[in-house]
Amino acid sequence: MRAGSKAAVLLVAGVLALAGCGAESPKFRSSDVTGAAFGRDFALTDPSGKPRTLADFRGKVVVLFFGYTQCPDVCPTTLAALAEVMKTLGPADASRVQVVFVTVDPDRDTAPIIASYVKAFDPSFMGLSGDTEAIARTAKEFKVLYQKQPGRTPESYTVDHSAGTFIFDPQGRLRLYVGNGQGPDVFVQDIRTLLRASG
């Protein structure tokens, strides 16, 4: 093979190799669970009694956390961190994010209690609930575990529960799982990455 022909072959091979690479996948700081066979949707009720599913938030990044209003530590810490995330994002990006809190204690977390609880952290936060079966079904879909632990009185029980946070892209696809305690910076960076990717 002549030198010129060899160079041409190498050039074409190089172009094809680059074409095969395609666009790089986004780099996330939390766990990328894109394509997971769980966390596909939910069907719950907001404090006004309106049925809610993921489709209601299409066009926004949805940040979904399971907890309960009488939680002594993990829930308020996580929601406070998410409130800080919203401030850091700034008004333009924050307007494209919906934080959703799903109760795992529907017996005590009535609609007014959930509404006032989440809005104490940020006015844009939304709390969702349902009957016992709906909560159990949703938790199972997201592989969230929760269990009541008896207190000194029947009403003073606590609820052990999974403490991670799920993040959906604006197209309604589950993309990320953020472990408990990873901090606001992880949320901010990954949410901005999803927002930029969606244009």
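User: Which residues in H2 meet which residues in H5?
Analyst: In this predicted model, where local features need pLDDT of at least 70, side-chain atom pairs count only at pLDDT 80 or more, and totals for chains, interfaces and linings use all residues, Ala 81, Leu 82, Glu 84, Val 85, Thr 88, Leu 89 and Asp 93 in H2 meet Pro 184, Phe 187, Val 188, Ile 191, Arg 192 and Leu 195 in H5, contact meaning heavy atoms within 4.5 Å. Residues are numbered from 1 along each chain as its sequence is written, and side-chain values use heavy atoms, with hydrogens and water left out.

User: And by class, what is in that contact of H2 with H5?
Analyst: The contact has nine nonpolar, one polar and three charged residues, where Ala, Val, Leu, Ile, Met, Phe, Trp, Tyr, Cys and Pro count as nonpolar, Asp, Glu, Lys and Arg as charged, and the others, Gly among them, as polar.

User: At what angle do H2 and H5 pack?
Analyst: Helix H2 (residues 74-94) and helix H5 (residues 184-198) pack at about 35°, and their axes are 9 Å apart; axes are lines fitted to C-alpha atoms, for helices over the stretch in contact, and angles run from 0 to 180 degrees between N-to-C directions. Helices (H or I, at least four residues) are DSSP runs, numbered from the N terminus.

User: Switching topic, what does Ile 167 touch?
Analyst: Leaving aside residues up to four places away in sequence, Ile 167 touches a set including Val 61, Val 62, Val 63, Phe 187, Ile 191 and Leu 194.

User: Are Cys 71 and Cys 75 buried or exposed?
Analyst: Cys 71 is buried, at 8% relative accessible area, and Cys 75 is buried too, at 0%; buried means under 20%, exposed over 50%, and partly exposed in between (1.4 Å probe, protein chains only).

User: How many disulfides does the count come to?
Analyst: The count comes to zero disulfides, a disulfide being a pair of cysteine sulfur atoms within 2.5 Å.

Notes
Helices (H or I, at least four residues) and strands (E, at least two) are DSSP runs, numbered from the N terminus.
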